[in-house]
Amino acid sequence: MADLPTVRWGIIATGMICEWFVTDVLKPDWPEKRANHTIQAIGSSSLEKCQKFAEKYVAPAKPTVQPTLYGSYQEVYDDANVDCIYIGTPHGFHKKNCLDAIKAGKNVLCEKAFALNAKEAEEVFTAAKEKGVFVMEAMWTRFFPLMKTLQKMLHEEKKLGTIYRTFSDFGLDFDIPNLPDDSRYKDPTLGAGSLLDIGIYTLTWGLTTLSDKVGDEAEEPEVASTQSIAHGVDLSSQVLLHYRSTGRQGICTSTTNEPQCKPFTRIEGSKGRILVDAEAPSLPTRFTFYPKDGGKEEVYTFESPGRGFYWEADAVALDLQAGRKQNATMPWAETMRVMRIMDGVRKRGGARFPVDDW
Ligand SMILES: NC(=O)C1=CN([C@@H]2O[C@H](COP(=O)(O)OP(=O)(O)OC[C@H]3O[C@@H](n4cnc5c(N)ncnc54)[C@H](OP(=O)(O)O)[C@@H]3O)[C@@H](O)[C@H]2O)C=CC1
Ligand SMILES: O=C1OC[C@@H](O)[C@H](O)[C@H]1O
C-alpha cells in the first residue's frame, strides 16, 4: 500500500454522511483499492460535536494520523495540511461551503445533490476553474465496481442486445410532517424533497444504463415529469426520460412515502433483462441477468467491506495525483446535466397535496 497515493481529507460537518464516509475510508482494505486516505482535519459548528465525532468514528480505526479538530469550517479550509475537503452538509449549504473551500485554494468532493439548482452548481465550477482546483460531486454509486461491470456489459458487450427501457425507483418511508421543522428532509431551504435527495439516484440509474456517455458527450434526453408536493417539499417525483436517437426510455421514480421496492432497477433489452438489487439504490450489491431465450439466469454479486465510499475517494486520489481538475466518471458537465434535468422537473411541478398534520 506504500506506493499508493494518499489524500489528506478535511471533513466538513459531523452528520450521518460524514460518519459513513470517514468510517469507510479509514478501513484498511477494500476490493480494487487504489489509494490511501487520512482524516487530517474535521470542522463542525461546534468543537464539542467535532470531538465526539472523532472519538466515536475516527479513534476506533486507530489511524496513524490524528485529525486536527476545529469548531468552524473555515479553519479546515485554511489548514495547510489538508489536500481535499469533503463536504457533508445539507444541499442548501453546498454552494457556500464549496465556494469558501475553493477560495482558500482547496480541492473539493461535495455530497449530492451538488447544489440546489444548476445556477448554483455553475457558480461553483466557475470559481473552481478560476482557482485551478479539483471539484467533484460525490455521486459515489457511479464508482462502484458493480456499476462499472454493469455498464461494460450493457454498452460494450451488449449483453441485453438493444436496450429498450430502464425502470428505477428509490423509496424511503419517512413521516415527514412529524420530523422537526429544521430537518433537512422537511426544510426547503436545506434542499428538502425526494428529487434532490433520492430521485437523483434513480436519474443516475437511468442515465448510466441507457447510455455510456457523460457530460458534454452525452445526449440530453427529453424529459416529462410530475411531482407530489406538500408545503413546498416534493414527497414523490416521477421522471420519464426519452432518448431521441435510440428511442430508449427511462422511468425514474422516488418517494418518501413508501419503503424501497426490491429489486430497485430493471433494465430491459432485446436479449433479456437485468435486475439490480441492494438495501438501497445508492449502494448496489448484486444484479441478475435473465436471458430472453430461456437460458439460465446469471447472478453477479459484489463484495464490499463497508458501504463503498472508498471507491469515489480513490478516484479523487488518482485525479489529484495526476493533476486533473475534473473526474472522467463524474465531470462538471455531468453534474450540470443532472442539475438541469432536476431544474426542469421542479419547474414543471405537479400535484399539491394538503397534509393535515403538517
Ligand atoms: N451519498 C450518500 O449516500 C448520502 C449522501 N447524503 C448527503 O449528505 C448531505 C448531508 O446529509 P446527512 O449527513 O444525512 O445530514 P445530517 O443532518 O445527518 O448532517 C448534516 C450536518 O451538516 C451540518 N449542518 C450545518 N448547518 C446545518 C443545518 N442548518 N441543519 C442541519 N445540519 C447542518 C451539521 O454538522 P455540524 O454541526 O457538525 O457542522 C450536521 O450534522 C446531504 O446533502 C445528503 O444528500 C446523505 C446521506 C447519504
Ligand atoms: O443513500 C441515501 O439514502 C438516504 C438518503 O436520505 C440519502 O441522502 C441518500 O444519499
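This is a predicted model: local features need pLDDT of at least 70, side-chain atom pairs count only at pLDDT 80 or more; totals for chains, interfaces and linings use all residues.

1. Ligand 1 is surrounded by 22 residues, of which the closest are Ala13, Thr14, Gly15, Ile17 and Ser44. Sorted by class, the shell around ligand 1 holds eight nonpolar, eight polar and six charged residues.

2. Which residues surround ligand 2? The shell there consists of Asp197, Ile198, Ala280 and Ser282, and by class it has two nonpolar, one polar and one charged residues.

3. The domain assignment of the protein chain gives each domain in two segments, 6-139 + 309-325 for domain 1 and 142-305 + 339-352 for domain 2. The centres of the two domains, taken over C-alpha atoms, are separated by 26 Å, and the contact takes 20 residues from domain 1 and 17 residues from domain 2. On the side of domain 1 that touches domain 2, the elements that give two or more residues are α4 (91-103), α5 and α8 (310-322), with α8 giving the most, three residues. That side of domain 1 has, by class, twelve nonpolar, three polar and five charged residues.

4. Helix α5 (residues 118-131) also packs against helix α9 (residues 332-348), their axes coming within 9 Å and crossing at roughly 160°. The two helices, α5 and α9, are therefore roughly antiparallel to each other, and their crossing is left-handed. From α5, the residues Ala118, Ala121, Glu122 and Phe125 meet Trp332, Thr335, Met336, Met339, Arg340 and Asp343 of α9. The residues of this contact divide into six nonpolar, one polar and three charged.

5. How do the axes of α4 and α5 cross, and within what distance do they come? They come within 10 Å and cross at roughly 5°, which makes α4 roughly parallel to α5. The contact is made on the α4 side by Lys95, Cys98, Leu99 and Ile102, and on the α5 side by Glu120, Glu123, Val124, Ala127, Ala128 and Lys131. Its residues divide into six nonpolar, no polar and four charged.

6. Two cis peptide bonds deserve a note. One joins Lys112 and Ala113, with omega at about -20°, and Ala113 lies in the loop between β5 (107-111) and α5. Another is the bond from Lys262 to Pro263, which is cis with omega near -10°; Pro263 lies in the loop between β10 (249-255) and β11 (265-269).

7. A further backbone detail concerns Glu32, a residue other than glycine whose phi is positive, near 65°. Glu32 lies in the loop between α1 and β2 (36-43).

Conventions
Residues are numbered from 1 along each chain as its sequence is written. Chains are lettered from A and ligands numbered from 1 in the order in which they are written. Axes are lines fitted to C-alpha atoms, for helices over the stretch in contact, and angles run from 0 to 180 degrees between N-to-C directions. Helices (H or I, at least four residues) and strands (E, at least two) are DSSP runs, numbered from the N terminus. Angles under 35 degrees count as roughly parallel, over 145 as roughly antiparallel, 65 to 115 as roughly perpendicular and the rest as oblique. A crossing is left-handed if the near helix is turned anticlockwise from the far one by less than a right angle, and right-handed if clockwise. Two residues are in contact if their C-beta atoms, placed from the backbone, lie within 7 Å. Ala, Val, Leu, Ile, Met, Phe, Trp, Tyr, Cys and Pro count as nonpolar, Asp, Glu, Lys and Arg as charged, and the others, Gly among them, as polar. A residue is near a molecule or strand if its C-beta atom, placed from the backbone, lies within 6 Å of it. Domain bounds come from an automatic or database domain assignment.
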